[in-house]
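Please open the structure in your viewer and keep the selection tool at hand.

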Number of protein chains: 2
Amino acid sequence: MQKLVIVGTVAFDAIETPFGKTDKILGGAATYIGLAASQFNIDAAIVSVVGGDFPQEYLTLLKDKNIDLTALEIVKDGKTFFWSGKYKNDLNSRDTLDTQLNVLADFNPKVPAQYKDAEIVMLGNLHPAVQLSVIEQMAEMPKLIILDTMNFWMDNTMDLLKEVISKVDVITINDEEARQLTGEYSLVVAARKIQQMGPKYVVIKKGEHGALLFHEEEIFFAPALPLEEVFDPTGAGDTFAGGFAGYLSKTNDLSFDNMKNAVIYGSTLASFCVEKFGTERMQSLTKAELQKRLKQFKSLTQFEIKLS
Amino acid sequence: MQKLVIVGTVAFDAIETPFGKTDKILGGAATYIGLAASQFNIDAAIVSVVGGDFPQEYLTLLKDKNIDLTALEIVKDGKTFFWSGKYKNDLNSRDTLDTQLNVLADFNPKVPAQYKDAEIVMLGNLHPAVQLSVIEQMAEMPKLIILDTMNFWMDNTMDLLKEVISKVDVITINDEEARQLTGEYSLVVAARKIQQMGPKYVVIKKGEHGALLFHEEEIFFAPALPLEEVFDPTGAGDTFAGGFAGYLSKTNDLSFDNMKNAVIYGSTLASFCVEKFGTERMQSLTKAELQKRLKQFKSLTQFEIKLS
């Protein structure tokens with residue numbers, strides 16, 4: 001069975017949207033990635049850290065999804081990373097209200113021995129130094145390293161981020177971040193420049209406007225499923241990345257055609273994530289629901305023009 | 001052979017984009033629609049009006065594309081409709097600098113006798129009173145009436161526009177206009193409300209973010225082709241509508257599956273339109289170029305997931 005190593009935050013989130021607000025709930029990039037990847041019955045492990053305040057019920061929840069938590073360090077006298085944000089009315093932008101790094105400030109990731117030969121490594125959004133450390137701990141070069149990051153690291157640790165970017169095979173970032181990283185407005189040109197920085201595959205996430213996958217001269221596009229109502233966008237990008245990585249782990253096929261399928265799975269899973277607050281929808285998601293929505297995705301995008 | 005009646009402006013445009021500016025060049029909704037539809041070798045006629053200042057070379061250009069100009073009225077002592085606009089840096093919005101209605105102010109459309117039995121009527125952007133007059137002149141109910149309109153008519157003649165909307169089968173409008181027309185932010189909800197106003201099919205154009213086709217509970221999505229550079233967006237929406245109408249005329253198949261194909265043809269043709277100023281690219285476009293880009297569209301959007 002393929003192994004997938006997931007690095008990223010495991011956190012408390014407090015979220016406010018036009019539809020309501022939550023107290024501290026389960027969040028974090030690695031959490032969303034893990035929940036999405038768990039749909040594929042693969043051998044996935046989360047490398048992260050939480051504090052002694054992290055509830056046993058959340059650990060149980062993740063373990064019940066067959067996510068390996070050997071490398072989820074628990075700092076007994078520390079506090080779990082906390083993020084709080086408020087979405088604007090159109091849900092396309094948000095303000096961060098509070099960020100408390102807590103145990104993340106001194107986090108030293110340790111990849112367990114039995115995962116040092118993992119085929120795929122998914123570097124979720126986190127300090128580039130942590131991402132770099134995980135790459136360096138791998139005993140042999142993984143078949144595929146996928147990087148997700150955000151503008152915060154471009155603003156604050158660009159050199160280190162660029163070093164990570166130079167070492168990965170796939171990068172997933174959003175449209176504004178692709179523009180910031182390259183200084184190019186056209187996403188086609190930006191994707192080409194990012195490929196020159198290292199990654200052979202570039203995924204540009206456009207939120208409600210879908211996602212683009214670039215590789216050499218090829219481009220693939222997957223829309224976001226048109227939804228009557230987006231309830232909470234938190235974690236949608238991580239869920240996309242987790243679906244992408246999980247599907248590739250499951251199928252063990254890194255061709256461009258199969259990456260297209262991985263993008264479709266990622267988009268489909270993300271369409272569930274936004275239906276409820278936090279991880280709630282991903283916790284209850286069944287394989288039958290996923291299959292049904294994949295069919296919707298097919299009828300949404302597939303057509304039958306015969307070409308001469 | 002199927003007949004297509006096209007109503008809309010034939011105009012002079014003066015355009016300014018970040019890449020340059022033009023003097024008065026050939027423009028107008030019916031012009032773009034006609035040029036796009038002419039790719040399908042159908043029997044298409046433009047119902048419109050120009051002034052005595054409209055150059056013979058433009059008339060020749062349209063005739064050479066086999067567009068019937070019997071119903072293009074020429075008011076010898078009048079001046080052709082003129083529009084001037086300037087695009088902002090991201091090309092997603094524009095300011096109108098000047099609008100001179102001229103001969104359009106008193107336009108009384110006349111559908112020629114030989115087109116009163118046309119199977120498809122394409123109502124390009126124009127005063128709703130003109131659109132209504134054309135519908136009323138048809139000897140028998142066309143198989144399909146397609147309406148394109150814009151926010152200007154919603155602001156100024158909403159009641160009349162709603163009367164037109166109640167009489168058409170397909171409406172194509174952009175996302176902001178769909179929201180304005182219905183007061184709904186979600187495009188899925190907006191499309192449902194518009195269907196209740198009359199049109200069985202609703203196409204919502206999202207510019208660089210593609211187009212959605214709604215019918216009952218079905219949704220189809222076509223992206224815009226990712227381009228390195230958009231030169232001039234003028235006429236892209238009309239070109240989309242012309243490709244949509246032209247393909248349906250050519251194939252004489254009004255099933256939802258074939259409408260998907262029509263959306264793809266519309267999107268593909270629009271991707272050419274924006275490559276040069278005004279109608280320049282559409283004038284030179286060949287069938288071989290169109291076929292080649294349709295192949296790109298296929299590889300951009302088609303995938304092979306086997307579903308259980």
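**The cavity and its lining**

By class, the lining of the largest cavity has 4 nonpolar, 4 polar and 1 charged residues, where Ala, Val, Leu, Ile, Met, Phe, Trp, Tyr, Cys and Pro count as nonpolar, Asp, Glu, Lys and Arg as charged, and the others, Gly among them, as polar. This is a predicted model, in which local features need pLDDT of at least 70 and side-chain atom pairs count only at pLDDT 80 or more, while totals for chains, interfaces and linings use all residues. Residues are numbered from 1 along each chain as its sequence is written, chains are lettered from A in the order in which they are written, and side-chain values use heavy atoms, without hydrogens or water.

To see the lining, select Gly34(A), Ala37(A), Ser38(A), Asn41(A), Ile42(A), Ala44(A), Lys65(A), Asn66(A) and Ile67(A). A cavity here is a set of points on a 1 Å grid over the protein atoms alone where a 1.4 Å probe fits but cannot get out, and lining residues have an atom within 4 Å of a point.

**A buried leucine**

Next, select Leu161(B), which lies in helix α5 (residues 158-166) of chain B, a helix being a DSSP run (H or I) of at least four residues. Leu161(B) counts as buried because its relative accessibility is 0%, the limit being under 20% relative accessible area with a 1.4 Å probe and protein chains only. Leaving aside residues up to four places away in sequence, Leu161(B) touches Pro128(B), Thr149(B), Trp153(B) and Met154(B), with contact meaning heavy atoms within 4.5 Å. The C-alpha atoms of Leu161(B) and Thr149(B) are separated by 8.6 Å.

Technical notes: On a 1 Å grid over the protein atoms alone, a cavity is a set of points where a 1.4 Å probe fits but cannot get out, and a pocket is an open set with protein on both sides within 12 Å along at least five of seven lines; lining residues have an atom within 4 Å of a point. Helices (H or I, at least four residues) and strands (E, at least two) are DSSP runs, numbered from the N terminus. Buried means under 20% relative accessible area, exposed over 50%, partly exposed in between (1.4 Å probe, protein chains only).
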